[in-house]
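Subject: Handover of a structure and the findings from it

Dear colleague,

Please find below the structure that I am handing over to you. My findings follow directly after it.

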Amino acid sequence: MRNNKRKRKTQNKRRQTARNEDFIMKPSVDWCFKELMRNPKTRKGFIAVLLQVKPEEIDETILLENELPKEAEEEKQGILDVHVCLADGMQIDIEMQVFYVEYWDERLIFYLSKMYAGQIKAGESYRILKKCIQVSVLNFERFPDDDFCYRTVHFWDEMAGKKYTDKLEIQILELPKLQKKASGPEDVMEWMRFFRGQNKEELKEVAKGNEYLEGAYEDLVKMSLDEKKRLQYEAREKAILDYRSNMEGARNRGFQRGMEQGFERGITQGEQSMLIQLYRKNRLTLEEAAEEAKMPVEEFQKLVESKEE
């Protein structure tokens, strides 16, 4: 009997060890993506591809504060994911967006505009303004009607038929389109395949032969073995799953209530209740919950307090 218990214990331990060895974080989880971008070499490799230059042409990539400055207390706060400044002053915000949020385009333009305007202070010349790029790596399809998995957006002069300015630029990478017959620059798609990787074998294979991706893969392996980082990763992954599940539930409940009260109103009430619940469980910060609710932070705080009374 004791021998059987000892044998089962040994077998369970081996299975757990095997699971731990096979586990690797997914770069498509925004927490993991931001951790990867802390490595200057990984940032340089990815940014070089986005700018279509050789990595050695990029001298330095400095991580900046991710909170953009506010000119007034009532102004909406902008919080960037990976805010980078290059040696020539160009600023780039890179974010991994795990699910679609309403008014996504407006939000994108808001962050780009805040980043651009935040370079200058009262009394300074507009001459100092440098190019700003907003890069959105999406784990959802934003443009389902075409096969372009990578696109750049600029201000366009319709009368002249040419670019109006290169000071503001948006780059959008749609990861799910890789499952289709997607088109895009191969070097960009190589990074996209890595960000989309689902397991150790796939990630290792994609990274092979690219020193920057190989470095990112090594970081993933180290991070996955770090108990503290793994707990942080799993907490964020669970929050994402909870959010998606609760959103689906809210939509279903909203549909039922919408039959009697109006479809739009039913969904809004369900989503607000779900966001309040995620905030109370520390699955979302106050700022994240308010942003998803499309409300100022102060207004969302009042809504939470009203629900407690």
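Glutamine 52 is located in the loop that joins helix 3 (40–51) to strand 1 (61–63). The model is a predicted one, and in it the phi of glutamine 52 is near 55°, a positive value in a residue other than glycine. This residue follows helix 3.

At the start of helix 3, a side-chain oxygen of asparagine 39 comes to within 2.9 Å of the backbone nitrogen of lysine 41. The buried residues of helix 3 are Thr42, Arg43, Gly45, Phe46, Ile47, Ala48, Val49 and Leu50.

One of these, glycine 45, lies in helix 3 and has a relative accessibility of 4%, so it counts as buried. Which residues does glycine 45 contact, leaving aside its neighbours within four places in sequence? They are Trp191 and Tyr212. Glycine 45 and tryptophan 191 are 146 residues apart along the chain, yet their C-alpha atoms are separated by 9.4 Å. Tryptophan 191 also belongs to a cluster linked by ring pairs, together with Phe33, Phe46, Phe194 and Phe195.

Turning to the aromatic residues in general, the count comes to 10 aromatic pairs. Tryptophan 104 is buried, with a relative accessible area of 0%. Phenylalanine 140 is buried as well, with a relative accessible area of 10%.

Tyrosine 279 and phenylalanine 300 form another edge-to-face aromatic pair, with 6.3 Å centre to centre and 80° between the planes. Because tyrosine 279 lies in helix 9 (residues 263–280) and phenylalanine 300 in helix 11 (residues 297–308), the pair ties together parts that are 21 residues apart in sequence. Tyrosine 279 counts as partly exposed, at 22% relative accessibility, whereas phenylalanine 300 is buried, with a relative accessible area of 0%.

Two arginines are placed over aromatic rings. The charged end of arginine 151 sits over the ring of phenylalanine 143, 4.1 Å from the ring centre. Likewise, the charged end of arginine 230 sits over the ring of phenylalanine 23, at 3.8 Å from the centre.

Lysine 229 is found in helix 8 (residues 227–261). Is lysine 229 buried, exposed or partly exposed? At 26% relative accessibility, lysine 229 counts as partly exposed. Not counting residues up to four places away in sequence, lysine 229 touches Met25, Trp31, Glu35 and Met223. Of these, glutamate 35 is 194 residues apart from lysine 229 along the chain, and the C-alpha atoms of the two are separated by 9.5 Å.

I also looked at the cysteines. The count of disulfides comes to zero.

Finally, some values for the chain as a whole. The chain has 11 helices and eight strands. Of its 309 residues, 41% count as buried. Among the contacts in the chain with a separation of 6 or more, residues 24 or more positions apart account for 59%.

With kind regards

Note on methods
Residues are numbered from 1 along each chain as its sequence is written. This is a predicted model: local features need pLDDT of at least 70, side-chain atom pairs count only at pLDDT 80 or more; totals for chains, interfaces and linings use all residues. Side-chain values use heavy atoms; hydrogens and water are left out. Helices (H or I, at least four residues) and strands (E, at least two) are DSSP runs, numbered from the N terminus. Buried means under 20% relative accessible area, exposed over 50%, partly exposed in between (1.4 Å probe, protein chains only). A polar contact is a pair of N or O atoms within 3.5 Å; within protein, one must be able to donate a hydrogen and the other to accept it, and residues adjacent in sequence count only if both atoms are side-chain atoms. Rings of Phe, Tyr and Trp (its six-membered ring) pair if their centres lie within 6.5 Å; planes under 30 degrees apart count as stacked, over 60 as edge-to-face and the rest as tilted. A charge sits over a ring if NZ of Lys or CZ of Arg is within 6 Å of the ring centre and within 35 degrees of the ring normal. A disulfide is a pair of cysteine sulfur atoms within 2.5 Å. Contact means heavy atoms within 4.5 Å.
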